[in-house]
Amino acid sequence: MPNMNDALNVDAELARFEQEERARLGLDAQVDHWTDSMIDPNFTAKERPHTTLLVGGLTIAHDFLVEGALRGLGYNCRRLECPDNDSLRFGKEFGNVSQCNPTYFTVGNLVKELCRLRDEEGLSAEHIIKHFVFLTAGACGPCRFGMYVTEYRKALRDAGFDGFRVMLFQQTGGLKQASGEELGLPLDPPFFLAIARALFSGDVINALGYRIRPHEVEPGATDRALMQAKQEVYDALHHHKSVVLALRRARKYFKDIKVDRTQAKPKVSILGEFWAMTTEGDGNYHLQEFVEREGGENEIQLLAFLLLYNLWEIRHDTEQRMLLKAADSGKFGLADTDVGLRLAGLWVGELALRGVFQTFAHAVGLTHFTLPDMDEVARVGHSHYNQELRGGEGHMEVAKLMLNVMHNKSHMTLSVKPFGCMPSSGVSDGVQSVITELFPEAIFCAVETSGEGAVNFYSRVQLFLFKARQRAQQEIDAALEQYGITREQAQAFLAGSSYGTALHRAPHVACGSGADLIHEIGPLVGRTRAEQARVHAARLADRTYRLVTDDVRAVYASARKVAPYLPAVARWAASEGLSMVPALTQSLQQNVKQWLTPTPEQQAEVARAEASEAAPAGVVQLRKKVKTALRFKTEQPAAASGA
Amino acid sequence: MTRPVVIGLDVGSTTVKAVVVDPETRQILWHDYRRHHTKQADCALDLMVRIGQAFPATSTADIRMFITGSGAGPLCEPLGAKFVQEVNAVTLAVESLHPDVGSVVELGGQDAKIIIFKQNDKTGEKTASCSMNDKCASGTGATIDKCMIKVGLPSEQTAQLQFDPDKLHHVAAKCGVFAETDIVNLVKTGIPSEEIMCSLADAIVMQNLSVLTRGNTLRHKVLLLGGPNTYLPFLQQCWRKRIPETWDERGYAYPKDVPLEELIVVPKNAELYAAYGAVMYGLHETADVGRYQGLDALRSYIQTGRAQRLGKNSGPPLVNDESELTTFIDAYRIPKFQSATFSAGQTVRAVIGLDGGSTSSKAVLMDESGELLLKAYTLSKGNPIQDAKDLLRDLRDRVHAQGATLEVIGFGATGYAADVLEECVRADVNVVETIAHMLSATHYFGDVDVICDIGGQDIKVLFMENGDIKSFKLSNQCSAGNGMLLQAMADQFGLPVTEYAENAFKAQLSPKFNYGCAVFLDTDRVNFQKEGYGKEELLAGLAQVLPKNVWQYVVAVPRLAQLGRRFVLQGGTQYNLAAVKAQVDYIKQRVPDGEVFVHPHSGEAGAIGAAMETLRVVKRRGQSRFIGLQAAIDLEYRAKNDEETKCTFCPNNCSRTFIDAFRPDGTTSRYISGFSCEKGMVESKEAMLEVVAQRKQLMRSYPNMVAYEARKAFQPVPGARPMPAATSSVEDVQTARTFWGTVKRKSFQRAFARSSEAAAQKRKTFRVAMPRVLNMYSTGPFFRTYFEVLGLDPRNVIFSEETTEEMWSEGGKYGSVDPCFPAKVVQAHFHQLFFHAHKERPLDAIFFPILTHVPSFVKNAVDHASCPIVAGTPDVIKAAFTKEQDYFGTRGITYLDPALSFSEPVRMKRRLFEVWKDLLQITEDESDFAAEEAFAALERFDLDVQTKGKAILEQIEADDRLAILVIGRPYHLDPGLNHGIPDEFQQQGYPILSIRSVPKDEAWLSRFFAEDLKSGRITTPLEIGDVWPENYSANSAMKVWAAKFAARHPNVVLLDLSSFKCGHDAPTYGIIDRIVEQSAVPTLGLHDIDANKPGGSIKIRVKTYVHSLKRHQERLEDLTVKKQELARRLDEKRLELLRMKQAELSARQSRDTTLEAQITALAAKVAAYQAPAPEAEPTTQPQLIRLRKKNPEGEVVAL
């Protein structure tokens, strides 16, 4: 009851009464509608020293090298192990029903690791949430891949890690991070350069490994070389040294592997869904290993191909829209876009990508490796698979099968995809049925992975490998017959010859590496030095002729294609290039500063040494030690962790 | 030197076959075939020993060995044999034995394979193209075996069965579990066993012809291989009927003068082909390959190698030690039921509750006080009436045997058989299973949080609140058959299911199964068996996967603790203590303080629930309508399914079954099953017309916006402007690239360009067809208007018909892939266009655009993309219909599937012109104008649907009633895809809303989103970034928005539809769950709808959901009463306070006229509360929804 001595405030009294009445009637329950509290992961620079970045999701080599690159940038970083069947089980328990396999494997892999940290290392969930961040690639459509981060949030929340930060390094965008403070993970040029170096070196090492391993004479020699090569590059990335030189050093490990390329090895071009075809664990039943065990040689797809495809997508989309009567808005519309700058940037980007890749490839010994011409890929596939259909590998799966057959690139095309993969098993496989009808000679095996039933999976691959093996054998037999030589003669010729080394790559004539080599050495085997010299001379003349005709024509054609963009490239260089300079300079300065500034421990050690009156000789020695320590300051922890 | 031989061994999923071949002559010298009962290695050893005995003179060094089959892998090394892939083996055998064969169809226990030999035109080489079933369709042979058990047909009788194509029923053969579910339903509706087996055979054959051939046509001559093809003559006959039909349909030339038995051949010794082929393969290999090593290594592998191989990948055992087992068994063993005893001469007054389950039927006798007296159980024998009669007789005899008399005072039924029993024996109660289980569990355990019932086929999990069902989850077709799987597994090891637990507890380790459907699990089982896991381990592993299937797959809630802490386990599977142990461990691990109870009458929980409900109903009604115990036992019945019973009220001609019951008192009744719409419920035309009239009345009363939108999306939208004259002016833009690479645009005016009169005349007769599928449901008005504005006759703008089962079974044979059903069904629509629409009047073009982006109302979304499968289907269809023959070209039809984006109108206009300029001879101005009108038509269509939706929403809010908002993708409007589920709810008296029909007027919506807008989480009500930032999938984003809306509108509940394999919906399940859970919105989710309509399962869901909705509505009504009370109390209080204020002013000798006026008005209002309420409008029926709208004053008035 209000006090009658005070002036009565009707509204206030009524409000109080209403509150009481609502409580009495049970009407005061406000529905607090659900919103996702994990949407904006906030990772600030201040947290960086005591936060560990977890990375994963690519091949074993890529994950390893990305870890090295991020450590080199000063981050605490740890890669996740290759996802296994336990990861799948975690994924299935905490993920949504009806997800695709890569989602279960990758999401489950993160949850598995966090549970391990909690249950085995005894870290509390709060500690893990506060001190760990997961960094992964992402996309924004159009298949389930674009929704991975949704799935990560759901699984982490349900597994008891509500609030764990997942940073998405978007395929076509930046890092999703909204924070008023200084960013914990700035996406600056040094970051991109470091990641790009890790990814491309991972690509060339992988490609070289798959090229050599099927032919190795001593089992395990290639894997050993791969380990050493990866460590070289890791150290270079970690210590800001030249990756090219590291790859150059790695070359020797591969060079020494003994190989025999005269056996009939069916070349298997592995296509399909990106994760399923690149993972090297339970996610695809160790497919690559299985193919090699069954006597095949894998032709894998590289990350660089996907990046080239992404560049092609943007270029194609821009060119298709630039001359419309008006610019549309939306994700693909060109409203507020400087078309010239964008196209010039893409051109420079593609040139840089190809240049860096080939430099790395040549450094490590991956010779005669051609990156695909994305215009050709698009042109070949378009009549069957519309270029504007996106998701997964888009038209590439269909086009690559066609190119494999048209250009004799492999004996067999193996398209691997997760059960129910939308772009791959839902669309590409449907279209492939007409391709195999058009090219009846194609050996095409589409196979789904589900995490269960490895028996059926292997059985299907074996079904087609049988035919491919027969074809490889026929091909090599035909080559031997063509030159009238035997396998033993070829082997004898190769022994001690540069043609027989692991890094040698015969020019592409047939599907298999063996047949290619026979075609290359066939005219030389059993010939006199003079006859061999004649063959070499003819080959040189042919190469020169082709260089003058084909290559010059190609250069001219591409110059004509590029010429209209040159003014825009100049503009691009002026705008983008100049804006990059300060960041690069700043980064360089920071590195130098970091390199020159001794740590407090080192300063203390110097002070202690200088203050010490005894053992002047020891002081000199210590000073020398500290000086050395200062010079290699950044290398010490790296060496420890890298090992 | 002895005579060399080559051994071929085929280790399959159920049998091992061996041949010994002379490498010179290639003759089979010896062969044998036997079932391995999952002991492949032992069986192989046995066969090898016998070979050794048969060829005593042959030394080991002269034996080569090649081995094939799914179980061959681990045996290769110990035997020194070379592995040969099965299809390769079969191909080589066929090439060797039958060089003239064009194709091979092999059905095995797990795998099905089709090999088609094709001639390469370029090289003349004959190549074999092979396909195997995908993992979702494995287990054909196993399915036939299981179904034979379910229909109760002995194998000798099955072998005599003849295929009769005239009596076929719907069976989904896509997957073994689906087929079993359908078979159970057919059995329960009394279909004769022979007809069911023929239907299954037909379904398997059609499935193989439509899917496994990957759209290819089998070449003659066709070889049928594999166990089922060899031993089941009716299956052979079915192939011989269906294969020539596809040949005729596709215009394939085959020799018609050759008897079918010679064109489609079952060779002798077909089961040996793979083993023989392995030898043929081996003969291609060099002599050092496949050298037989003798049997020592195999023996050692059997004895010790197995355990070593299993290694660290295995999971934990079910029990770690004896004491754990003893403690568990003491705590959870179900006490043995003591049947009641009766004294001689006693009259036992009781009710009977009967649960007609999928694999067994149970009945209980319960006295008037609710005491359980007797239980009876029978395995299903194929007919529910017969099962019920047997159970009743059993109960009666057991009472009579003690000299007592049984007086049944009521009879209630639940389960699959309830409908037919309600009709035939006039059951007092036909209660849905979920409610029956709930009644039973709460009777024994009071206030519980979760009830988990696992029967043979279904899993039902009920979430409870205040003693009633709050929500529920049921297994769908893909998670069905778990209980049955445990039994089937025990059967495979030759164990009675009662010994399952005893064996499983012995395991020291277990294989780690992944959760999933029963077919996948069986595939996994084959795999683990191959790896060397033994019986005990497999049984333990399978028991451990059960809780995963329940909680991760069916319930899909990883945080079990959020469901509560008191769990009840019931259902027949709980008699298996291994399953209980796995469940208890799983629950206790996740809910440490949880309590798990096992129902004391687990298997009879449903029957007890039915009995309890019967007691309640009979007491309330005062009498029973049951025909009486003796009459029920003596009931005669006859099931009829022939031409006469076929429904003729629509072209679907549903094959119905009439079950006529003849009661001893001379009365009869007829139960009709097998119809797909309400017309089939009756027999005469008059009755049908009455049913249709009732339905129309119902539809008027409770609007169904899903049906309305589905219809309107393909009808002309009035209001388009006519094409401008050539004299009118139009603004154009000239574009050019500059030196610097930028694009310059310059506007200018010019005259509108019209095409010639001749072109216009041509357009009038031009016929364009579009499939009524996928995103055409959201864009149909656009395309129709575009063509109509360009001058096409509206009758020449054709859409294929709505999806029906018949359309699918007729036209679903061209696909080479197996995506979601909405994408798969498109081929059937094309078939309908080719073979019906085009036949009636030739079509000029079929237009099926690749819609990369679709219209969406969601604001600030990342993108408005289509699903990749939906977008890509036009190209898949093009491949399917041009692969073997060009269905378009041969009919003179142009197929157009350009990529179009609704997010980019300018580009869309350009693309439409490019596509149609030559065919329709139009100018760009005409095309652009038509496109603009088309966009406007789409908006008008939206507005029309939203106006009606708004009226419904305002009406239900005013009336305190509920409307069901169907959230799905646009094509779920198709009744063939939503299986008429929205209509089922409409018939229950709920208005149905579609996503499009919810008003998108931001001002109107801001009332519901006020808090969100205030908090700054969103800037417009049409945004979903606060719950899902990765919202690029337009249709998924709209679903999520609709869920958000339902969470904020008190009178809207949800029906969430997703198709099986939907990749774009999957990530939203968790989001929508969160939204509706936190806001407590009743939701029925059906996330795996597919081609076949699971009628029984839909019925359970609809009935249970309606039960939940009634509770929800009661809560709403209570809330309204409370709100009214609050309003009244506030008015009274305000009056009191104002009077106090007035008194206060008077005390100060002051006066406020406004205050006085307020007091007067309020006093009148308060006085009115005491007055009787005015009478309701006499002219309207309160249960009907009248379409009305709110006027600016906020009153609901007529539309």
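## A parallel strand pair in chain A

In chain A of this predicted model, strand β1 (residues 52–55) and strand β2 (residues 76–79) run parallel and are joined by four bridges. Between the two strands, the chain passes through helix α2 (residues 60–72) of chain A, and this β-α-β crossover is right-handed. Within the pairing, L54(A) has R78(A) in β2(A) as its bridge partner.

The size of an interface is often expressed as the accessible area that is lost when the parts come together. Between chain A and chain B, the buried area is about 10,500 Å², and carbon and sulfur atoms give 58% of it. Within chain A, the residues that lose the most area to chain B are W34(A), M147(A) and K325(A); together they account for 8% of what that side buries.

Chain A contributes 108 residues to the contact, and chain B contributes 121 residues.

## Polar and charged pairs across the interface

The interface of chain A and chain B holds 12 salt bridges. K325(A) takes part in a salt bridge with E924(B), in which the closest N and O atoms are 3.9 Å apart.

## The side of chain A that touches chain B

Several helices give two or more residues to this side of chain A, among them α1 (10–25), α12 (303–321) and α21 (566–596). The element that gives the most is α16(A), with 12 residues. By residue class, the side of chain A that touches chain B comprises 48 nonpolar, 25 polar and 35 charged residues.

Terms used. Residues numbered from 1 in each chain as written. Chains lettered and ligands numbered in written order. Predicted model: local features only at pLDDT ≥ 70, side-chain atom pairs only at ≥ 80, totals over all residues. Heavy atoms only, no water. Pairing = 2+ DSSP bridges. Right-handed = clockwise from strand over helix to strand, strands pointing away. Contact = heavy atoms within 4.5 Å. Buried area = accessible area lost by both parts, 1.4 Å probe. Salt bridge = Lys/Arg side-chain N within 4 Å of Asp/Glu carboxyl O. Nonpolar A, V, L, I, M, F, W, Y, C, P; charged D, E, K, R; others polar.
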